Amino acid sequence: MNWITQAIKDLIIKNDNELHSRIELIEKDFKFELTETLAHFYFIKLDGNGNPRKSDLLKYVAMKIVDYSIPRKELQEAKEYLNKNNSSFKIIELEKKANKLFTSLEKTGELGEMLLYILTEDILKLPQIISKMTLKTSGNLHYQGADGIHFNYNESDDTLDLYWGESKMEKTITSALSNCFNSITPFLTDPISYDSTQNRDLQLITSNIDENINDKKLEDFLVNYFDLNSDFSNKLNFKGICFIGFDVRNYPKKPRKKTTNTLLEEFKNELRRWKKSVKTQLDNHPELKSFEINIFLMPFESVEEMREEFLELIK
């Protein structure tokens, strides 16, 4: 492992299984034929009394707001202040700043964006390269661009993988997949140029890299890949990550009606239909089949209720 790989690995925020105490794996790494697409299926676990742990999952997501939205440089400064002064003042200050960044709009997609971020870092082990929330000038301004951008370095051929992330939480799996693929397509397929879909995000990565990476040596190395005048820009590979949330009727309405294991068996019986939905949308977007795309799919009792509860929780 060379210093670049190690430096990028060190950027990943580590967890102690907190996420996996709240969600259960149905199936992962399912590859669709004649594509480079991998699907990963998860659902919300039930507690010992048979109640879905949706509120607990939302509280966990809310606790990750600072990690998601505050650049690493500010996080590091807050940690150093704590160690030096034995005071959490700077950390609390960052919590307030992060909360103000989140919108109170009814039709926000930020829950899906945060789940995309959490699953990408926790499961795929890919660090975020830019905190998009800090690019909002107010809580009611929606930043236009990808929902998330993560990255990885390949030692074998000195290439950099840039993962464009899109999240959609909608009532049906079909509409969520269709809209997600429509959104991510230009980020993957547009040729790199000064007026391409990706160019604004690439410029933002470069101009904010010192705040988001906080490692001068690594920053100097990475910026070469985003400079169109550098030959390194020809070694920038685009890949995709999608988070798909959709409604189902399987979750119990009352306690002690189901267990996590019985719910798992029900969802396994739904896998064939869900995979068919993904396959159909890939066929509708043939230009995506040659790109590596990781898709996280998670059923909810109600996407709308999850969104409303999350907004209420972070107010």
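Helices (H or I, at least four residues) and strands (E, at least two) are taken here as DSSP runs, numbered from the N terminus. The model is predicted, so to speak for local features a pLDDT of at least 70 is needed, side-chain atom pairs count only at pLDDT 80 or more, and totals for chains, interfaces and linings use all residues. Residues are numbered from 1 along each chain as its sequence is written, and side-chain values use heavy atoms, with hydrogens and water left out.

On to the sheet. Six strands form an open sheet in the order β1-β2-β6-β5-β4-β3, and the pairing is mixed; two strands count as paired if DSSP finds at least two bridges between them. At the edges sit β1 (23-31) and β3 (148-154), each pairing on one side only. From one strand to the next, the twist averages 20°, with axes fitted as lines to C-alpha atoms (for helices, over the stretch in contact) and angles running from 0 to 180 degrees between N-to-C directions. Strands β5 (residues 236-247) and β6 (residues 292-300) run parallel, joined over eight bridges, and D247 stands opposite F300 in β6.

Two helices go with this sheet. Helix α11 (residues 260-284) packs on it, touching β1, β2 (36-44), β5 and β6, and its direction makes about 35° with that of β1; contact means heavy atoms within 4.5 Å. Helix α7 (residues 173-189) lies across β4 (159-169), β5 and β6, running at about 165° to β5.

As for D220, this residue belongs to helix α10 (residues 216-222). D220 is partly exposed because its relative accessible area is 39%, where buried means under 20%, exposed over 50% and partly exposed in between (1.4 Å probe, protein chains only). D220 and N152 are 68 residues apart along the chain, and their C-alpha atoms are separated by 16 Å.
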